[in-house]
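This report describes selected helices and residues of the structure shown below.

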Amino acid sequence: GWNGKDPKVIAQARKLVEAWLVDRKAVHPDVLDVVLGLSAESGDVALHAKLLAAAKAEKDRADRGRLLGALAEFNDRSIVEQQLPLVLGDTFETREAMRFVWGAANDFRTRDLALKFVETNWDALVGRLPKDGGAGLVWLASGICEEKARDAAKAFFDGRSTKYLGGPRNFAIAMEGIDLCLAWRARHRTSAIAFFEKRK
């Protein structure tokens with residue numbers, strides 16, 4: 001389902017999610033997170049609307065967390081753009097809603113949207129987080145593996161995330177990780193291109 005994108009597996013996951021939204025006992029807890037995440041990762045606007053409505057109405061903290069986690073798996077850029085502002089709203093507690101930002105940052109297709117959101121709303125965001133919560137926001141950039149994006153993230157977070165307790169260390173480790181990715185990419189890029197060119 002995740003890597004093979006088997007349509008039958010995805011369809012079954014979607015069917016199970018639809019059933020769970022009606023009856024919380026319809027899906028075994030051991031596979032619930034899997035079917036929720038798989039359905040969301042390949043989900044559409046209709047499913048997103050259902051999950052969001054369910055999350056807004058859910059009183060059970062564990063189930064609300066599962067729903068928010070699923071919502072964070074959506075990678076449609078238009079959906080992500082509409083979802084990120086919820087972090088600064090009153091619908092969900094900010095620490096719960098931060099899943100939307102982390103989810104977007106963890107996907108190369110939407111990482112730029114997450115970083116742009118944080119850059120645009122830095123003051124409002126850190127004002128809602130626990131004390132020194134801004135120290136960890138640099139990790140949103142840890143998946144970067146391009147020099148231009150690295151330089152932009154470095155310029156933004158240096159002096160912002162670094163002024164909080166633990167911030168300088170987080171910043172240094174995050175930037176080192178990006179540099180290691182860049183070095184690995186440079187080392188293997190030529191051979192990887194050659195490998196796939198032979199198999200066109």
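## Glutamate 96

Glutamate 96 lies in helix 6, where helices are DSSP runs (H or I, at least four residues) numbered from the N terminus. The model is a predicted one, in which local features need pLDDT of at least 70, side-chain atom pairs count only at pLDDT 80 or more, and totals for chains, interfaces and linings use all residues. Residues are numbered from 1 along each chain as its sequence is written, and side-chain values use heavy atoms, with hydrogens and water left out.

With a relative accessible area of 14%, glutamate 96 is buried; buried means under 20% relative accessible area, exposed over 50%, and partly exposed in between (1.4 Å probe, protein chains only). Not counting residues up to four places away in sequence, glutamate 96 touches Arg61, Arg64 and Leu68, contact being defined as heavy atoms within 4.5 Å.

## Helix 6 against helix 7

The axes of helix 6 (residues 94-105) and helix 7 (residues 111-120) come within 6 Å and cross at roughly 135 degrees. Helix 6 is therefore oblique to helix 7. The axes are lines fitted to C-alpha atoms, for helices over the stretch in contact, and angles run from 0 to 180 degrees between N-to-C directions. Angles under 35 degrees count as roughly parallel, over 145 as roughly antiparallel, 65 to 115 as roughly perpendicular and the rest as oblique.

Helix 6 contributes Val101, Ala104 and Ala105 to the contact, and helix 7 contributes Arg111, Ala114, Phe117 and Val118. By class, this contact has six nonpolar, no polar and one charged residues (Ala, Val, Leu, Ile, Met, Phe, Trp, Tyr, Cys and Pro count as nonpolar, Asp, Glu, Lys and Arg as charged, and the others, Gly among them, as polar).

## Leucine 71

Leucine 71 belongs to helix 4 (residues 61-71) and is buried at 0% relative accessibility. Its contacts, not counting residues up to four places away in sequence, are His48, Leu51, Leu52, Ala55, Gln83 and Phe100. Leucine 71 and leucine 51 are 20 residues apart in sequence, and their C-alpha atoms are 6.9 Å apart in space.

## The two sides of helix 9

In helix 9 (residues 147-157), the buried residues are Arg150, Ala153, Phe156 and Phe157. They lie on the same side of helix 9 because they cover an arc of only 135 degrees around the axis, the arc being that of the directions from the helix axis to the C-beta atoms. Their cover includes helix 7, helix 8 (122-128) and helix 10 (167-197).

The face turned away from the buried side of helix 9 carries the exposed residues Glu147, Lys148 and Ala155. Just after helix 9, glycine 159 takes a positive phi of about 100 degrees.
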